[in-house]
Amino acid sequence: MKNILLIASLFCSNLAVAQISNINMNGAPARLNSYTEIDGSPYLFDDWSTADIGFTNAGLKEKVSYKFNIHDNELEVINEAGNKIYLNKDFVEYAILTRPSLQLINNNEGMLTSLLIKKGFDFVPNLGPNDLVNVIAEGKNYTLIRRFYSDLVTPPKNSYAVTAGRMFVFEESFYLIDSDENVQSVRNNTRNILKALREKDQDIGKEIVKKNDLNLGREDHLTIFFQKLNEL
């Protein structure tokens, strides 16, 4: 009987620790899903990496193991107890996601080593107040955000999909926001972004591109461009 009570006590103690850790990380246990039978991935990166995450009520937590589920717009992390949880986005202020090293090795031309994600852009079409988006640039004149999404689709029967049934298709959308919160959907190329600027800023933008030899199809050049544009 004593052994049974001891086991029960240990079980309750471990459960309490797990619950406390979940609360500290402001999340709920990760849900089981059936994505294994679907082509593609719901995640921004398939590999685990680390993130620095700022919470409104718990400060900054550094080097947290994460995956960003861009189909459900959820941050899946491993908490202090070693459990996988989905963060409660009500308490997430921002996160700086480190790209997995393998992705940087395979495709690193202009690619940023880390990505800032934030919420609070619900004035942008199709975004809710808690939707996390990649903030490429943010300043007094212009802000550029990117929405990552993995759409779950059913290919037509005559398609060349690897397997029959549903598949994830990666999508990204860019939105340019001016100081009056006017929003434009843009493409990440030099001509399109220059055209989307206010008329009075277009010549200035062209000069910045020319002087710094920028290609606005690159992430690093986008950040340089808007940093200089926001300094004016």
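Me: Happy to have this model open! Which residues have the most contacts inside the largest nonpolar core?

Reply: Good place to start, and keep in mind that this is a predicted model. The largest nonpolar core has 20 residues. Strands β2 (49–55), β3 (59–69), β4 (74–78), β5 (84–87), β6 (92–98) and β7 (114–118) each supply at least two residues of this core. Those with the most contacts inside the core are Ile53, Tyr66, Phe68, Leu75, Leu87 and Leu97.

Me: And how many residues does the second, separate core have?

Reply: To find this core, look for Val186, Ala196, Leu222 and Leu229, which are among its members. The count for this second core is 19 residues.

Me: Let's turn to the rings. Is the aromatic pair of Phe121 and Phe123 stacked, edge-to-face or tilted?

Reply: A search of the whole structure finds four aromatic pairs. In the pair of Phe121 and Phe123, the ring centres are 6.1 Å apart, with 55 degrees between the planes. Planes under 30 degrees apart would be stacked and those over 60 edge-to-face, so the pair of Phe121 and Phe123 is tilted.

Me: What kind of pair do Phe225 and Phe226 form?

Reply: Both residues have 0% relative accessibility, Phe225 being buried and Phe226 likewise counting as buried. Their ring centres lie 5.0 Å apart. Because the planes stand at 85 degrees, the pair is edge-to-face.

Me: Which residue joins Phe225 and Phe226 in a cluster linked by ring pairs?

Reply: Ring pairs link three residues here, with Phe225 and Phe226 among them.

Me: Moving on to Asn230, which backbone nitrogen lies 3.1 Å from a polar atom of its side chain?

Reply: Asn230 is found in helix α5 (residues 219–230), and its relative accessible area of 11% makes it buried. Leaving aside residues up to four places away in sequence, Asn230 touches Glu138, Gly139, Lys140, Asn141 and Tyr142. The backbone nitrogen in question, at 3.1 Å, belongs to Asn141.

Me: Last one: the charged end of Arg147 sits over the ring of which residue?

Reply: There is a lysine example too, as Lys67 lies over the face of Tyr43, at 4.7 Å from the ring centre. For Arg147, the charged end is 4.7 Å from the centre of the ring below, and that ring belongs to Tyr149.

Note on methods:
Residues numbered from 1 in each chain as written. Predicted model: local features only at pLDDT ≥ 70, side-chain atom pairs only at ≥ 80, totals over all residues. Heavy atoms only, no water. Helix = DSSP H or I, 4+ residues; strand = E, 2+ residues; numbered from the N terminus. Buried < 20%, exposed > 50% of the residue type's maximum accessible area, 1.4 Å probe, protein only. Polar contact = N/O pair within 3.5 Å; in protein donor to acceptor, adjacent residues only side chain to side chain. Contact = heavy atoms within 4.5 Å. Phe/Tyr/Trp six-rings, centres within 6.5 Å; stacked < 30°, edge-to-face > 60°. Lys NZ or Arg CZ within 6 Å of the ring centre and 35° of its normal. Core = buried A, V, L, I, M, F, W, Y, C linked by side-chain atoms within 4.5 Å.
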